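Thanks for coming, everyone. Please have the sequence and the model open, and follow along with me.

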Amino acid sequence: MKKEEIKEIPVYLFMGFLGSGKTTFAKDTLLKQDFTEGQKTLFLICEDGEEEYDFDALRKKNIFPELITEETLTTDYLLELSRKYEPENVMIEYNGMWELDKIFQIRVPKGWTVVQVISFVDATTFDMYVNNMKKVMMDQLRNADMIIFNRCDETTKKAEYRRSIRAVNRRAQIIFEGANGEVDNGMDGEVELPFDTSGPRVELGEEDFGLFYADAADNPDKYVGKTIHFKAQVHHPSNYSDRTFVPGRFAMTCCAADIAFVGFKTYYDSAKKLKDREWVMVEGQVKKEFYPEFQGEGPVIYATSVAKTSPAADDLVYFTY
């Protein structure tokens with residue numbers, strides 16, 4: 001018997017706190033830009049926002065809205081909706097206050113495949129949420145393919161916000177929008193880094209690695225061709241060859257309970273001889289190659305020397321100074 005072919009149904013997920021701009025984006029995308037191009041689309045609405053949808057207008061576009069609660073977000077209910085509508089696309093407006101793991105761990109109907117996650121942030125309230133609900137906010141940013149800061153103005157700390165995001169997500173596209181929806185990704189007023197990147201050699205202090213990592217992930221071309229010198233710990237990912245390793249540091253990404261090891265892939269002929277967790281001084285040239293983690297090109301290091309050294313004074317690095 002011929003095996004039944006399962007048709008892939010793309011799922012688009014957009015999330016953010018109340019007032020972050022999710023509904024405005026959805027209305028513009030679905031009704032004005034005709035994103036679905038007439039294909040039958042199931043639209044799951046998980047939040048009563050400040051903006052309201054015109055359900056009749058959506059249905060005329062072959063888009064079928066369904067209100068869903070945290071209690072009804074179950075496998076059985078999704079299967080019921082899938083059978084009812086047989087959608088060609090699924091869009092989900094996810095409530096930023098709900099447990100985020102649920103939407104990624106729940107068993108969905110066959111063929112449903114998340115193809116894009118967009119996170120919306122109100123730039124005027126970002127600091128407040130980071131100060132009071134940092135883990136919830138960072139969980140949303142960590143899982144996003146695109147992050148849109150809206151309501152930006154001349155006081156928005158774009159460079160600082162980009163570094164905060166790069167600490168937890170080095171692949172997402174980051175967009176800053178003004179009050180009228182215009183895109184402004186310029187870095188006017190960017191905070192100067194505590195190390196010099198103007199010459200052919202970049203020397204990092206022990207405490208600088210976190211800032212370097214975030215900046216290089218976001219601006220790899222700034223470092224390509226330069227020699228970099230820094231202190232780090234050795235890590236051997238299981239899928240790396242004998243001549244590659246990751247020199248990096250443990251970094252606090254959002255709170256004491258959320259510490260991650262960060263670093264860039266490094267080529268070194270004697271990498272196999274290095275022991276995990278030992279401290280080393282690394283010197284090498286930065287280049288750019290395809291990175292699965294970036295879903296594109298990212299920085300790599302071709303080390304010319306790796307020497308054992310004493311531990312850093314602080315076990316952790318940070319993404320601010």
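Start with strand β1, residues 9-16. Both of its faces are covered. On one side sit Ile9, Val11, Leu13 and Met15, and on the other Pro10, Tyr12, Phe14 and Gly16, all buried. Buried here means under 20% relative accessible area; exposed means over 50%, and partly exposed lies in between, using a 1.4 Å probe and protein chains only. Eight of the eight residues of β1 are buried, so the strand is largely enclosed by the rest of the structure.

A word on what you are looking at. This is a predicted model, where local features need pLDDT of at least 70, side-chain atom pairs count only at pLDDT 80 or more, and totals for chains, interfaces and linings use all residues. Residues are numbered from 1 along each chain as its sequence is written, and side-chain values use heavy atoms, with hydrogens and water left out. Strands are DSSP runs of E, at least two residues long; helices are runs of H or I, at least four; both are numbered from the N terminus.

Which strands does β1 pair with? Strands pair if DSSP finds at least two bridges between them. β1 runs parallel to β5, residues 112-122, with seven bridges. Pro10 has Thr113 as its bridge partner there, and Tyr12 stands opposite Gln116. β1 also runs parallel to β4, residues 89-95, with six bridges. On that side, Met15 stands opposite Tyr94. Ser119 has Ile147 as its partner in β6.

Next, the cores. A nonpolar core is a set of buried Ala, Val, Leu, Ile, Met, Phe, Trp, Tyr and Cys residues joined through side-chain atoms within 4.5 Å. Which residues touch the most other members of the largest core? They are Phe149 and Phe212, out of 54 residues. Helix α7, residues 209-218, gives the most to this core: seven residues. Look at Phe212. Contact means heavy atoms within 4.5 Å. Leaving aside neighbours within four places in sequence, Phe212 is in contact with Phe195, Leu204, Tyr223, Ile228 and Phe264. There is also a second, separate core of 22 residues, and Tyr94 is in it, along with others including Leu44, Ile92 and Leu100.

Back to α7, and how it meets α6, residues 158-166. Their axes come within 9 Å and cross at roughly 100°. Axes are lines fitted to C-alpha atoms, for helices over the stretch in contact, with angles from 0 to 180 degrees between N-to-C directions. That makes α6 roughly perpendicular to α7; the label covers 65 to 115 degrees, while under 35 is roughly parallel, over 145 roughly antiparallel, and the rest oblique. From α6 come Arg162, Arg163 and Arg166; from α7 come Leu211, Tyr213, Ala214, Ala217 and Asp218.

Is Glu66 buried or exposed? Glu66 is buried, with a relative accessible area of 14%. Beyond four places in sequence, its contacts include Leu44, Tyr77 and Lys84.

Finally, the whole chain. It has seven helices and 15 strands. Buried residues make up 50% of the 321 residues. The C-alpha atoms fill a box of roughly 65 × 60 × 35 Å, taken along the principal axes.
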